[in-house]
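Hi everyone, thanks for coming. Let me put a structure on the screen and walk you through a few spots in it.

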Amino acid sequence: YQAAPPTKDGIPLPPGPPARWFWQNAFPTSDMAHTFENLVVQYGPVVSLREGSQVIIVIGRMDAATEIMEKEGAALIDRPRLIAFGEIMSGNMRMLVISGGERFRRLRKTMHTHLQPKAAEAYQDIQRDAAKEAIIDILNDPDDHIRHFQRFAAAVILRVAYGKSTPTSNDDAEVVRLAKDFEHIRAVIRPGTFLVDRIPFLRYVPGYGRILHEYHEFELSLFRDQLARVADDMSRGEAGPSFGKTLLENIHEHGLS
């Protein structure tokens, strides 16, 4: 094993490949799963990737992940700073990547009602119905299986999040927009894709990150349009249970706008 140098606190890092310069991306640009598997086989279940002064820890085995989360849970509450994805594209409002603090606590409280295990049991019928439709689609058109799975995911998300009860097809405008948003997320979330994550002041350079701001506006428009539809259904007394309905009913209690 090639041991990585210790941190500033003198704590040794897990082993890993040689460090990259800060402008080089330590993350693989393709075939990520196989590359990580090879690194884990070579260096062990926990691997350090270094680009400049930034250190990325990859946990490649379930046992190691479980042990770390059980023993060091308090140290895992916060999130690493992801400027491109978390701050610019997501506007610091995506719970998955924002740092711990008051905003995180408000978002977690808002999400808890619909994501706790007991509440999730209510989604089984929704997932089962969508899965049946996906299986039928695959049997009828196996060559387009990727789009069928995308439709399955979109149908479940739209039903749980916004109460969409009408049949969902791949050609629905909502599904097309949701699939486009997923493409944006996949393009941005990979660490090292945007230089601003390594050189933070770039976000203040005029014109830099224009595409990230465009992705943010696209996603915000999608979210607002769906909430507007839920609000319209509520005004007519036709809104079924959904995360969006609960959010609108308790928006002041959660301190969100």
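Why does tyrosine 123 count as buried? Because its relative accessibility is 15%, and buried means under 20% relative accessible area, with a 1.4 Å probe and protein chains only.

Before I go on, this is a predicted model, where local features need pLDDT of at least 70 and side-chain atom pairs count only at pLDDT 80 or more, while totals for chains, interfaces and linings use all residues. Numbering runs from 1 along each chain as its sequence is written, and side-chain values use heavy atoms, without hydrogens and water.

Back to tyrosine 123: you'll find it in the loop between α5 (117–120) and α6 (124–140); helices here are DSSP runs of H or I, at least four residues, numbered from the N terminus. Leaving out residues up to four places away in sequence, tyrosine 123 touches His114 and Val160, where contact means heavy atoms within 4.5 Å.

Now to aspartate 181, in helix α8 (residues 173–189). Aspartate 181 is buried yet has no salt bridge, meaning a side-chain nitrogen of Lys or Arg within 4 Å of a carboxyl oxygen of Asp or Glu. The nearest side chain of opposite charge, arginine 94, is 5.4 Å away; Lys and Arg count as positive, Asp and Glu as negative, and His and the chain ends are not counted.

Last stop: the largest nonpolar core, with 15 residues. Such a core is a set of buried Ala, Val, Leu, Ile, Met, Phe, Trp, Tyr and Cys residues joined through side-chain atoms within 4.5 Å. Its largest share, five residues, comes from α3.

Conventions. Helices (H or I, at least four residues) and strands (E, at least two) are DSSP runs, numbered from the N terminus. Buried means under 20% relative accessible area, exposed over 50%, partly exposed in between (1.4 Å probe, protein chains only).
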